[in-house]
Amino acid sequence: MKVADLVNADATLISRRAWSDERVYQLEKRGIFGKAWLFLGHETQIPNTGDFVQAYMCETPIILARGEDDDIYACINSCSHRGLPVCRADHGNTKRFVCPYHNWSYKVSGELVAIPQERMVKKGPDKSVLGLKRVPRVESWRGMIFGSFDENIESLDSYLGDMRFYLDAFFERFPAGIEFMGAPHRWVIDANWKLPMENQLGDVNHGPYLHAAVIPPEANQEIYDHGFSVVPGPGHGATFRLMPEDVPIEQVAWGFEGLGTLLGGDEVQEYLCEVQRQSAERVGAIRSRMKGLTFGVYPNLSFLWSNTSFKVSHPRGPGQVEYWSWAAVPADAPDNIKKILRRNYSSFFGPGGILEQEDAESWMQQYLGSAIDFADDRCFYYGLGLGEEKPHPDLPGLVSGTANEYYARAFFQRWRDALMAVEDDHA
Ligand code: FES
Ligand SMILES: [Fe+2]
């Protein structure tokens, strides 16, 4: 199997093995997760010295912490002595991580501080080289912290590129930015990690069918009439409605109104309208008319605008995902609004969320479809709207209607190049 055989030149045909083959997964670990910027957490989760949260970079366990110098550190959660995790709590505040096996202790920034057995031996080790292994590159943007195992990777700003224009349409709407509220939900889905990502890079098309029982027809009509799918750069994606200038304010506010009012009522509606009234000042005329749907950041971070949730799709082999999902709320919203927004997120896109259940079932079935014996000669078809993506005067990236599958073709072209770059490494 060669990677070039999995994806054709314009990425309209993709082999089922891209989702189900263990060898492909091993190449993804090295070619994608060993090289990309990966989302670790949000600065609001670790505001004080000694605060920490657990994270993952693919299957590698990470401790993300605020050090004594107030800087942010990401270290692999594995003791330098025999490899045990030195931190067992999901989140908290501490001065030291103490390994449970022989009690080596580390600062939250990773330096090895003490080895209890040292006083019983003549020759102690050089502790300065036995700290926890640090993730070599850690950077943040708008409070979103990313890490990379590639020391030479481009800056996070440049990596996100024009995706920042779209993310800012949400982040910059709120004077104090956003905060991650509470610990993430985490659950396991028997599907390949790319399936949730594809869905949120731009698969708007399944909404009227898979979610027919939940999404009202007028919401689907609005997407038909005003929907865009944008690829700000290969592997990233943003979908949204760009509402006409003259629609009443409650129809343009946030993109949340249809579902939000089910749970939030007038209180949320009034809050959203107030945010909307100030939005042109904060994000400019074009982005104030944007009602977001789904965003994706290469390779495995996504954002559901209307239900204020960030998600990371952590691979656990080709056939399993550990899905991490945070409620993100405006940092200066009143507490009761934050609670309503979080409840809204949970109801629709938490682990038992009504839309989440329908999506996850589809991803599990697609994964099974990618592993069917004797079906290798039937690639999945990704050609809808081929070549219809175009530049737009007001929107960076390549822009098209929501039925175009360019978002996935661009992702898989980048994916193919990333895997081809490492497929001969072991030879
Ligand atoms: S394994 Fe951590 S102290 Fe021995
Ligand atoms: Fe969905």
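Visitor: What makes helix 5 (residues 194-202) count as mostly covered?

Guide: Nine of the nine residues of helix 5 are buried, a word used if 20 or more other C-beta atoms, placed from the backbone, lie within 10 Å of a residue's own. Lys 194, Glu 198 and Gly 202 are among the buried residues of helix 5. Helices here are DSSP runs of H or I with at least four residues, and strands are runs of E with at least two, both numbered from the N terminus. This is a predicted model, in which local features need pLDDT of at least 70 and side-chain atom pairs count only at pLDDT 80 or more, while totals for chains, interfaces and linings use all residues. Residues are numbered from 1 along each chain as its sequence is written, and chains are lettered from A and ligands numbered from 1 in the order in which they are written.

Visitor: Why is Gly 41 called buried?

Guide: Gly 41 has 29 C-beta neighbours inside 10 Å, and therefore counts as buried. Gly 41 lies in strand 2 (residues 38-42) and, leaving aside residues up to four places away in sequence, touches Val 53, Ala 55, Leu 64 and Ile 145, where contact asks for C-beta atoms within 7 Å.

Visitor: How do you know that both faces of strand 16 (residues 301-304) are covered?

Guide: Leu 301 and Phe 303 on one side, and Ser 302 and Leu 304 on the other, are all buried.

Visitor: What makes strand 15 (residues 290-297) and strand 16 a pair?

Guide: Pairing requires that DSSP find at least two bridges between two strands, and strand 15 and strand 16 have four, in the antiparallel sense. Phe 295 stands opposite Phe 303, and the two strands form a hairpin with three residues between them. Four bridges likewise join strand 16 to strand 17, again antiparallel, with Phe 303 opposite Phe 310. The hairpin of strand 16 and strand 17 has four residues between the strands, and Thr 308 in its turn has a positive phi of about 45 degrees.

Visitor: What makes up the largest nonpolar core?

Guide: A nonpolar core is a set of buried Ala, Val, Leu, Ile, Met, Phe, Trp, Tyr and Cys residues joined through C-beta atoms within 7 Å, and the largest has 116 residues, with Phe 52, Leu 64 and Ala 74 among those with the most contacts inside it. Helix 13 (residues 406-420) gives the largest share, nine residues. This core draws at least three residues from each of domain 1 (3-34 + 161-420) and domain 2 (38-139), whose bounds come from an automatic or database domain assignment.

Definitions and conventions: A residue is buried if 20 or more other C-beta atoms lie within 10 Å of its own, exposed if 12 or fewer, and partly exposed in between; C-beta atoms are placed from the backbone. Two residues are in contact if their C-beta atoms, placed from the backbone, lie within 7 Å.
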